[in-house]
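Below is a report on helix packing, aromatic pairs and selected residues in one protein model. The sequence and structure come first.

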Amino acid sequence: MTNLERAKEMYDQVAQGKILEAFETYYAEQVIMEEPNGKREGKAACRAYEEQFVSNVKEFHGMHIKAMAEDTEKGKVLIEIEMEVTFTDGNRVIMEQIAAQQWEKGQIIHERFYYNA
């Protein structure tokens, strides 16, 4: 299975609202996640951030992949997604982002998100 296929499977789970399940399967213990508002290192810290995000979601309306690409030689996958959620404060938003993932041994070891903060 290619990293692109793994990423597709992961985002299929996310589209079903299984964000934490996907996180457990596809992220390595030493993962580093970066985005415009900060950086987290290690699976425990990244999981806590994901759990906080999920706890603030009142309703998940869906997600779709706009584009995907892979550099097999470098173990990189790029994914452009759009996700729509309603937060517990009632704010309904469409979130658009690009994730640049570094894969190793079937798991993500580094991920950087690009979006307007």
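## Helices H2 and H3

Helix H2 (residues 19–26) and helix H3 (residues 43–55) have axes that come within 10 Å and cross at roughly 165°. Axes here are lines fitted to C-alpha atoms, for helices over the stretch in contact, with angles running from 0 to 180 degrees between N-to-C directions. Helices (H or I, at least four residues) and strands (E, at least two) are DSSP runs, numbered from the N terminus. H2 and H3 are therefore roughly antiparallel to each other; angles under 35 degrees count as roughly parallel, over 145 as roughly antiparallel, 65 to 115 as roughly perpendicular and the rest as oblique. The crossing of H2 and H3 is right-handed. A crossing is right-handed if the near helix is turned clockwise from the far one by less than a right angle, and left-handed if anticlockwise.

On the H2 side the contact is made by Ile 19, Leu 20, Phe 23 and Glu 24, and on the H3 side by Lys 43, Cys 46, Arg 47, Glu 50, Glu 51, Phe 53 and Val 54, where contact means heavy atoms within 4.5 Å. The residues of this contact comprise 6 nonpolar, no polar and 5 charged. In this classification Ala, Val, Leu, Ile, Met, Phe, Trp, Tyr, Cys and Pro count as nonpolar, Asp, Glu, Lys and Arg as charged, and the others, Gly among them, as polar.

## Basis of the values

The model is predicted: local features need pLDDT of at least 70 and side-chain atom pairs count only at pLDDT 80 or more, while totals for chains, interfaces and linings use all residues. Residues are numbered from 1 along each chain as its sequence is written, and side-chain values use heavy atoms, with hydrogens and water left out.

## Helices H1 and H2

The axes of helix H1 (residues 3–15) and H2 come within 7 Å, crossing at roughly 155°. That makes H1 roughly antiparallel to H2, and the crossing of H1 and H2 is right-handed. Arg 6, Glu 9, Met 10, Gln 13 and Val 14 in H1 meet Ile 19, Glu 21, Ala 22 and Tyr 26 in H2. By class, the contact of H1 with H2 holds 5 nonpolar, 1 polar and 3 charged residues.

Gln 16 is placed in the loop between H1 and H2. At 53% relative accessibility, Gln 16 counts as exposed; buried means under 20% relative accessible area, exposed over 50%, and partly exposed in between (1.4 Å probe, protein chains only).

## Aromatic pairs

A search of the whole structure finds 3 aromatic pairs. Rings of Phe, Tyr and Trp (its six-membered ring) pair if their centres lie within 6.5 Å; planes under 30 degrees apart count as stacked, over 60 as edge-to-face and the rest as tilted. One of the pairs is Phe 23 with Tyr 27, which is stacked at 4.8 Å centre to centre with 20° between the planes. Phe 23 and Tyr 27 are both buried.

The ring centres of Tyr 26 and Trp 103 are 6.3 Å apart and the planes stand at 70°, so this pair is edge-to-face. Tyr 26 lies in helix H2 and Trp 103 in strand S5 (residues 92–104), so the pair ties together parts that are 77 residues apart in sequence. Tyr 26 is buried at 7% relative accessibility, and Trp 103 is buried with a relative accessible area of 4%.

Gln 97 lies in strand S5 and counts as buried at 16% relative accessibility. Not counting residues up to four places away in sequence, Gln 97 touches Tyr 11, Ile 79, Glu 80, Ile 81, Phe 113, Tyr 114 and Tyr 115.

Glu 111 lies in strand S6 and is buried at 0% relative accessibility. Beyond its neighbours within four places in sequence, Glu 111 is in contact with Tyr 11, Tyr 27, Ile 32, Met 33, Glu 34, Ala 99, Ala 100 and Gln 101. The C-alpha atoms of Glu 111 and Glu 35, 76 residues apart along the chain, are separated by 8.5 Å.

## Loop residues

Lys 105 is found in the loop between S5 and strand S6 (107–114). Lys 105 has a positive phi of about 55° although it is not a glycine, and counts as exposed at 81% relative accessibility.
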